[in-house]
Amino acid sequence: MNLLTDGTANNPILRFCLDVLERHGESWPPAEDVLAREFVEWFGCRAFVSKEHMRELCEAKGVKLTFVPLPSEIRGFNCSFGNQREIVVCETQISPFDLHTLFHEFREMLEHDFRELGRPIIGPKGSLEVQAEQFAILCRMETASREIPGFLEMAQNVQNKWMRYLSFGLVIVFGTAYLFHCILTPQMEEVLSEARRQRYVST
Amino acid sequence: MAVNMEIRRFLQLLISCYNGPAMESFGSYLHRLRKSRGLTLKQVEAQAKVSNAYISQIERGLRNPPHPDILKRLAKAYDVEHRELLIAAGYLEEDSVVAERRALEKAFEHVQSDPTFKHGTRLKGTHVSLDTKRFIVEMYEKLTNRPLLKRA
């Protein structure tokens with residue numbers, strides 16, 4: 001443990017894991033939504049980010065992020081060796097599916113570090129894949145919920161009464177649609193990739 | 001009996017040293033194949049109708065590679081091509097495609113067993129194709145600076 005804590009200066013993810021451990025050590029493991037909330041706060045990500053911005057955010061956390069063509073069945077990949085960490089996201093993934101994959105890969109990295117610290121969140125019967133998918137959904141919902149108050153405030157400031165109502169309506173409709181999108185991302189990806197596969201077969 | 005087996009093992013070790021580290025015996029190849037498929041000896045016995053004691057002896061190098069007919073049944077159980085087992089057993093000459101595939105599978109297993117390299121993949125489904133294995137091995141080579149695959 002001491003060995004690990006000594007090396008945290010070059011390892012922001014490990015530092016984050018230690019902070020989580022410090023805050024929730026008494027009632028371990030923390031709920032997935034709590035972890036997602038703290039991760040989004042730490043990562044500083046917004047609901048809509050460009051690939052370039054994602055790269056910058058990852059770099060700030062000591063992770064190299066690349067978007068490259070990947071074999072057809074891979075959406076994302078993460079690996080770490082010593083202090084080197086890298087996440088690869090399939091370049092054909094459109095936004096915000098790429099953000100979902102990014103959060104998924106981060107969750108796997110976090111679990112590896114928690115295991116190394118001797119405090120895994122997922123038990124022997126749990127599935128890291130399933131948990132990482134849930135974490136990605138929760139992170140995206142968290143980023144969206146952070147944006148909504150700002151949009152509501154903008155709607156509040158609209159002078160014209162009907163335009164103000166319309167703005168509120170739009171924020172609520174788009175906010176709800178985005179939250180559903182977050183929840184249904186894995187299913188939507190399946191449908192999209194199946195449609196793409198069938199198009200490929202038929203042409 | 002036990003002394004005999006030890007002598008045999010020692011002789012096999014000597015032979016494998018003489019052949020060089022790149023040569024893998026049929027027994028260890030079969031053992032690796034079974035482990036990579038997550039099969040027990042009993043499961044192979046049930047699927048291929050070949051005695052588990054016999055398979056165990058082959059894996060430990062105490063028996064010669066079995067008859068091609070038995071290899072055909074084992075190929076089905078291990079989900080590999082019959083030709084691949086025939087090549088591994090020395091009945092057929094190895095072609096470059098099979099050699100490359102075997103090298104890749106071996107490299108992938110090395111990556112999986114290295115505790116210093118932590119990795120995870122977001123997959124569509126559960127099948128891990130050869131392309132995916134190659135990608136993971138290449139990522140390993142890049143990050144660790146340890147070449148595993150020969151390149152032309």
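Two strands count as paired here if DSSP finds at least two bridges between them, and strands (E, at least two residues), like helices (H or I, at least four), are DSSP runs numbered from the N terminus. The model on display is predicted, so local features need pLDDT of at least 70 and side-chain atom pairs count only at pLDDT 80 or more, while totals for chains, interfaces and linings use all residues. Residues are numbered from 1 along each chain as its sequence is written, and chains are lettered from A and ligands numbered from 1 in the order in which they are written.

Begin in chain A by selecting strand S1 (residues 64-68) together with strand S3 (residues 84-90); the two run parallel and are joined by 5 bridges, and A:Thr66 has A:Val88 of S3(A) as its bridge partner. Colouring S3(A) by burial shows a mostly covered strand, with 6 of its 7 residues buried, where buried means that 20 or more other C-beta atoms, placed from the backbone, lie within 10 Å of the residue's own.

Widening the selection to the whole contact between the chains (C-beta atoms, placed from the backbone, within 7 Å) brings in 18 residues from chain B and 20 residues from chain A.

Finally, return to chain A and select helix H3 (residues 32-43) and helix H6 (residues 128-156), whose axes, fitted to C-alpha atoms over the stretch in contact, come within 9 Å and cross at roughly 55°. On a scale from 0 to 180 degrees between N-to-C directions, the two helices are therefore oblique to each other, a class left over once angles under 35 degrees, over 145 and from 65 to 115 are set aside. Showing side chains here, one finds A:Leu35, A:Phe39 and A:Val40 among the H3(A) residues that meet H6(A), and A:Phe135, A:Leu138 and A:Cys139 among those of H6(A) that meet H3(A).

Notes: Two residues are in contact if their C-beta atoms, placed from the backbone, lie within 7 Å. A residue is buried if 20 or more other C-beta atoms lie within 10 Å of its own, exposed if 12 or fewer, and partly exposed in between; C-beta atoms are placed from the backbone.
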